[in-house]
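Open the structure in your viewer and keep the selection panel at hand. The tour below goes stop by stop, saying what to select and what is there.

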Protein chains: 2
Amino acid sequence: MEIIERKPRSREQTRSGIVKTAKSIARREGWQAVSIRKIADAIEYSAPIVYEYFDSKDVLLDEIRNEGFRHLYQEYDRILKLYRDPEKRLYEISVVQWEFARQQPEIYQVMYNLAGAYCTMPVCRSEMMQAVSDIVCQTLFSFIPKSKESIKRLYFQWWALSHGMITLAMLLKDEQPVEQSEQIYCETMRRFVRQLS
Amino acid sequence: MEIIERKPRSREQTRSGIVKTAKSIARREGWQAVSIRKIADAIEYSAPIVYEYFDSKDVLLDEIRNEGFRHLYQEYDRILKLYRDPEKRLYEISVVQWEFARQQPEIYQVMYNLAGAYCTMPVCRSEMMQAVSDIVCQTLFSFIPKSKESIKRLYFQWWALSHGMITLAMLLKDEQPVEQSEQIYCETMRRFVRQLS
DNA sequence: GTCTTCAGTTAACGGTGTTAAATTGAGTGT
DNA sequence: ACACTCAATTTAACACCGTTAACTGAAGAC
């Protein structure tokens, strides 16, 4: 009767289909609901096929995490090319970080193992994360040229402030409207940036 | 042959045994390795017994989470009774928060759904968490009596800064020694507190 | 002795990540 | 036309998970 159920797809298409499906399930139902079988169903294959593209679920999550850091890296890079003023640069980077977490929360979650997402690979081993760190440190340096150690401290503080507000805003979004959190975020990051001068 | 394998225990002993076992597995192997069967094995019962004490794994995690917030509440309360100076109060509260996360990371993780821990119950619905929020807000108010809205903003900033540094320190502990993170934490929190005056 | 009660067990259901084995089917040599 | 090969894909299995229903066995009541 039926000729071909499944549309023929290239390897690349199938691969990105797996990634896309994983993200969409995570967005709708949370990362703890993402399973290999569910992904396989969605892409109209059986479960073992997924293993032809990713050695394990862990590797799949790691890929999505790195995709997230790469996206962030590209955005930061764009900002560095767009603005010369260090103050403007760091503030815009902060805003981009917020918008990324807001628009793609499921990716932000897997990047930091939040909300039940769990990827075994240590975050700090990710090359893309290192690149992101470097680009922010570079911005901080163009701001106030200090010792490497000082820059690292400053970076840790900036990162913690931004990451802390983002994760808390996610956690409290039922109590405290996101718009309000966003306002506090922007104001706080602005003040952090200003105080650096 | 064998008379009684398992030592007789009271209901309370068994219950706290379940909680203790869950925490100890989480500490050793991470929350994703905590299973009802493993807990049951450790307390020398079969799995369904656990359900006589906790309706679900979720409820068990929620209990541990609330235990964490209660512990924090008691510590904060102790500090409020110990010091009168608001600056000292808030700083000591910050330090206690750090020490708690350092000494009982597995509890801190389940409180905020970090590192693969996943408890469905929304954090902000926890009564103990509300009590913790109130006590810090109270401290902030004794600091600078301002509008409720202002205090809430200040609290969000303090919380985000502290929580952000704690989670990042956990994440980066292989790269950045904990002692170093602790030093930056203390310095940053001290500055935050001072700047409030 | 039988009956009830109850703590505790086993067994099961539907799910998970993962892997080995079986199956399908199309292309090729003769 | 038939057999053979080879790759793609699926089925079946393993050991685990949370959870629940059904069962067991012993103690106490009558």
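Helix axes are lines fitted to C-alpha atoms over the stretch in contact, and the angle between two of them runs from 0 to 180 degrees between N-to-C directions. Two packed helices are described by that angle together with the distance between the axes. Keep in mind throughout that this is a predicted model.

Stop 1: The secondary structure of chain A consists of nine helices and zero strands. Along the principal axes, the C-alpha atoms of chain A fill a box of roughly 70 × 35 × 30 Å.

**Stop 2: H1 and H4.** Select helix H4 of chain A, residues 57-82, and then helix H1 of chain A, residues 11-29. H1(A) and H4(A) pack at an angle of about 85°, and their axes lie 11 Å apart. The two helices are therefore roughly perpendicular to each other. Now show side chains: on H1(A) the contact is made by A:Arg15, A:Ile18, A:Val19, A:Ala22 and A:Lys23, and on H4(A) by A:Leu60, A:Glu63, A:Ile64 and A:Glu67. Five residues of this contact are nonpolar, four are charged and none is polar.

Stop 3: Six residues from domain 1 and ten residues from domain 2 take part in the contact. The area buried between the two domains of chain A is about 630 Å², and carbon and sulfur atoms give 50% of it. Select A:Lys23, A:Arg27 and A:Trp31: these supply 83% of the area that domain 1 buries against domain 2, more than any other three residues.

**Stop 4: both chains.** Bring chain B back into view. Chain A is superposed on chain B by a rotation of 180° with 0.0 Å of shift along the axis, and the RMSD is 0.0 Å. That is the relation of a two-fold axis. To find the axis, select A:Gly164, whose C-alpha lies 1.8 Å from it, the closest approach among the residues of chain A.

**Stop 5: the interface between the chains.** Together the chains bury about 3,500 Å², with 62% of it on carbon and sulfur atoms. End by selecting A:Arg153, A:Phe156 and A:Leu168, which supply 19% of the area that chain A buries against chain B, more than any other three residues.

Notes: Residues numbered from 1 in each chain as written. Chains lettered and ligands numbered in written order. Predicted model: local features only at pLDDT ≥ 70, side-chain atom pairs only at ≥ 80, totals over all residues. Heavy atoms only, no water. Least-squares fit on C-alpha atoms with pLDDT ≥ 70 in both. Helix = DSSP H or I, 4+ residues; strand = E, 2+ residues; numbered from the N terminus. Contact = heavy atoms within 4.5 Å. Buried area = accessible area lost by both parts, 1.4 Å probe. Parallel < 35°, antiparallel > 145°, perpendicular 65-115°, else oblique. Nonpolar A, V, L, I, M, F, W, Y, C, P; charged D, E, K, R; others polar.
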